Amino acid sequence: FSGGIDPLKAKTRLLEMEKLFKVHPCSATQKVLSITYTLKDEAQNGWLLVRNNNGDMTWAQFNGIFYNKYFSQCFRD
């Protein structure tokens with residue numbers, strides 16, 4: 001995932017990762033490390049800023065930040 005303005009791509013990326021985690025269970029920290037490893041371009045740069053301000057992050061925290069940035073409430077509604 002490289003960021004951008006397409007909220008469906010963001011949601012699809014998280015759903016794909018959730019599906020992967022069902023097959024390959026891992027801790028919440030490992031989930032965050034796995035998905036952030038796959039980020040590119042704008043999304044990777046944004047993640048570096050978030051990571052520096054939040055330290056270790058759980059999967060739930062990552063989801064909240066990711067959804068707020070790439071899948072806004074108006075699209076969720």
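The model is a predicted one, so local features need pLDDT of at least 70 and side-chain atom pairs count only at pLDDT 80 or more, while totals for chains, interfaces and linings use all residues. Residues are numbered from 1 along each chain as its sequence is written, and side-chain values use heavy atoms, with hydrogens and water left out.

The largest cavity comes out at about 110 Å³, a volume being the space filled by probe spheres set on the grid points, which are joined across faces, edges and corners. Around the largest cavity sit Leu39, Ala43, Gly46, Trp47, Val50, Phe62, Ile65, Phe66, Lys69 and Tyr70, lining residues being those with an atom within 4 Å of a point. Two or more residues of this lining come from each of helix H3 (41–54) and helix H4 (59–70); helices are DSSP runs of H or I with at least four residues, numbered from the N terminus. H4 gives the most, with five residues. By class, the lining has eight nonpolar, one polar and one charged residues, with Ala, Val, Leu, Ile, Met, Phe, Trp, Tyr, Cys and Pro taken as nonpolar, Asp, Glu, Lys and Arg as charged, and the others, Gly among them, as polar.

Asn63 also lies in helix H4. At 15% relative accessibility, Asn63 counts as buried (under 20% relative accessible area; exposed is over 50%, partly exposed in between, with a 1.4 Å probe and protein chains only). Setting aside neighbours within four places in sequence, Asn63 is in contact (heavy atoms within 4.5 Å) with Leu14 and Glu18.

As for charge pairing, a search of the whole structure turns up one salt bridge, meaning a side-chain nitrogen of Lys or Arg within 4 Å of a carboxyl oxygen of Asp or Glu. The partners are Arg13 and Glu16, at 3.1 Å from N to O. The two are three residues apart in helix H1 (residues 7–23), so about one helical turn separates them. Arg13 is buried at 17% relative accessibility, whereas Glu16, at 40%, is partly exposed.

Helix H2 (residues 28–37) has Lys31, Val32, Ile35 and Thr36 buried. These cover an arc of only 120° around the axis, so they fall on the same side of H2; the arc is that of the directions from the helix axis to the C-beta atoms. On the other side of H2, Leu33 and Tyr37 are exposed.

Definitions and conventions: On a 1 Å grid over the protein atoms alone, a cavity is a set of points where a 1.4 Å probe fits but cannot get out, and a pocket is an open set with protein on both sides within 12 Å along at least five of seven lines; lining residues have an atom within 4 Å of a point.
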